[in-house]
Amino acid sequence: MSDEVKRGLEGVVVFESRLSYIDGDAGELGYRGYAIEDFAREASYEEVLSLLWNGEWPTRAEHDEFAARLAAERDLDPAVYDLIEALAAQDENPMAALRTVVSALSASDPDADADPADRETNLAKGCRITAKFPTALAAFARLRNGFDPVEPREDLGHAANFLYMLNGEEPDEVAAETFDTALVLHADHGLNASTFAAMVTTSTMSDLHSGVTSAIGTLAGSLHGGANQNVMRMLKEIDESDADPGDWIESAVEEGRRIPGFGHRVYNVRDPRAGILETYSERLGEESGDPRWYDYSVAIEEYMTEEKGLAPNVDFYSASMYYQMGIPMDLYTPIFALSRVGGWIAHMLEQYEDNRLIRPRAHYVGDRGREFVPLDER
Ligand SMILES: CC(=O)SCCNC(=O)CCNC(=O)[C@H](O)C(C)(C)COP(=O)(O)OP(=O)(O)OC[C@H]1O[C@@H](n2cnc3c(N)ncnc32)[C@H](O)[C@@H]1OP(=O)(O)O
Ligand SMILES: O=C([O-])CC(=O)C(=O)O
């Protein structure tokens, strides 16, 4: 057994998967063999869920049936609303609130005690978790601002319904489609840290709610999903400084700051999702007549790419896009979770089919053979 330490498990291959294909040198990403550029603008999040969970794009009839099933699961138990109200009253961090709520959802799940590996039960549970996420997050966001939650509407798609519940008014078609594309692009990405956390949990034959709870906690950090809100905080900092964005970023890098939205463990080139999100950020700036946030982003990218050899990841342009859609900054990471929950569940479903406990080793470098001295003799 080798004691070579692979820090951060870099380059270690631990599973076979049929879910997402990533070529980090070519900047390519596909779900189940379909390149994201070919479907991201056209396929809905519901279609992508079907593709990830079942392996094929749904037919129209399958899609309508699945979308209706998902929409019918959006309601929350009154006890869950009470919990959300208590978390909002404490002004809890939204990712912590979402993590707590998902854990609590298992209490009212009809299949909570079922065999954790049963595929049909997990598809039903997965549907419920995915459907209830947006309702919980929108209710939390409204309650903390002193507004009543807005009941979900079954006649709206997943993306449009979230914006409706968040803002209390139905989004226009462009906003709904833009948000839907963001959900599609964030849905899966191989063995990223949060997916891996879910899979470590699953590997003990624990259940879906536990896996999703582990994953949310892992997505929250600033090196992973938490970077999107930090990108926007950086853009605001630049705006408030009145400095030229190129000069600002140069000083920040010289000070040794880690620039959110840049660098990636797998991509050595531009993340293909960034290119698509960039087009939305640019368009929103043009439409509002205030291209500032997009322009700052472009200036930062130019500097980071040319001077540091670091390219933007998915979190970079999603930030200015969400900001221009009027979404509060601290909801960007929970919104990432609203989408990625589909990928987490897909990987857990795949893993239950052929599970083995995940249990790596540490190379022990501490002392051995030390003599124990009882408490009162120390
Ligand atoms: C959805 C997602 O999770 S996408 C990633 C979101 N996270 C971010 O955007 C946070 C900023 N980026 C980063 O911190 C990193 O690029 C990560 C965590 C994404 C990838 O990290 P790793 O593969 O472990 O690379 P690591 O952290 O070892 O960095 C390698 C080198 O590049 C530098 N580097 C990497 N990213 C950045 C960055 N964003 N800003 C400045 N320097 C960076 C590191 O300082 C390091 O330099 P060194 O070798 O001189 O010390
Ligand atoms: O794959 C990763 O390490 C991070 C990432 O881009 C994602 O989770 O979407």
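In this predicted model, the "active site" annotation of an unreviewed UniProt entry covers His264 and Asp315. These positions span 52 residues in sequence, yet no two of their C-alpha atoms are more than 10.5 Å apart, so they gather at one spot.

**The annotated residues**

- His264 sits in a loop, with helix H12 (245-254) on one side of that loop and helix H13 (272-288) on the other.
- Is His264 buried or exposed? His264 is buried, because 20 other C-beta atoms lie within 10 Å of its own, and 20 is the count at which a residue is called buried.
- If residues up to four places away in sequence are not counted, His264 touches Asp271 and Asn313.
- Leaving aside neighbours within four places in sequence, the contacts of Asp315 are Ala227, Asn228, Val231, Pro260 and Gly261.

- Which residues of H12 are buried? They are Pro245, Trp248 and Ile249.
- Viewed down the axis of H12, these buried residues fall within an arc of 90°, so they line one face of the helix.
- Just after H12 comes Gly256, which has a positive phi of about 85°.

**The strands**

- Strand E1 (residues 20-23) pairs with E2 in the antiparallel sense, over four bridges, and Ser20 stands opposite Tyr31 of E2.
- E1 and E2 make a hairpin with four residues between them, and Gly27 in the turn takes a positive phi of about 70°.
- Strand E2 (residues 28-31) has two faces: Leu29 and Tyr31 are on the covered one, while Glu28 and Gly30 are on the uncovered one.
- E2 is also joined by two bridges to strand E3 (residues 34-35), and this pair runs antiparallel.
- Tyr31 has Tyr34 as its bridge partner in E3.
- The hairpin of E2 and E3 has two residues between the strands, and in it Arg32 takes a positive phi near 50°.

**The whole protein**

- The secondary structure comes to 16 helices and three strands.
- How does the radius of gyration fit a compact globule, and what is its value? For 378 residues, a compact globule would have a radius near 21 Å, and the protein has 22 Å, which agrees.
- Along its principal axes, the C-alpha trace spans about 70 × 55 × 50 Å.
- Of the 378 residues, 45% count as buried.
- Among contacts with a separation of 6 or more, 75% come from residues 24 or more positions apart.

**Confidence**

- The average pLDDT of the protein is 97, and 100% of the residues score at least 70.
- For the complex, the predictor gives an ipTM of 0.98 and a pTM of 0.97.

Technical notes:
Residues are numbered from 1 along each chain as its sequence is written. Chains are lettered from A and ligands numbered from 1 in the order in which they are written. This is a predicted model: local features need pLDDT of at least 70, side-chain atom pairs count only at pLDDT 80 or more; totals for chains, interfaces and linings use all residues. The radius of gyration is taken over C-alpha atoms; the globule rule is 2.2 Å times the number of residues to the power 0.38. A residue is buried if 20 or more other C-beta atoms lie within 10 Å of its own, exposed if 12 or fewer, and partly exposed in between; C-beta atoms are placed from the backbone. Two residues are in contact if their C-beta atoms, placed from the backbone, lie within 7 Å. UniProt positions are given in the numbering used here, feature names are shortened, and annotations may be inferred rather than shown by experiment. The arc is that of the directions from the helix axis to the C-beta atoms. pLDDT is the predictor's confidence in each residue, from 0 to 100. Two strands pair if DSSP finds at least two bridges between them.
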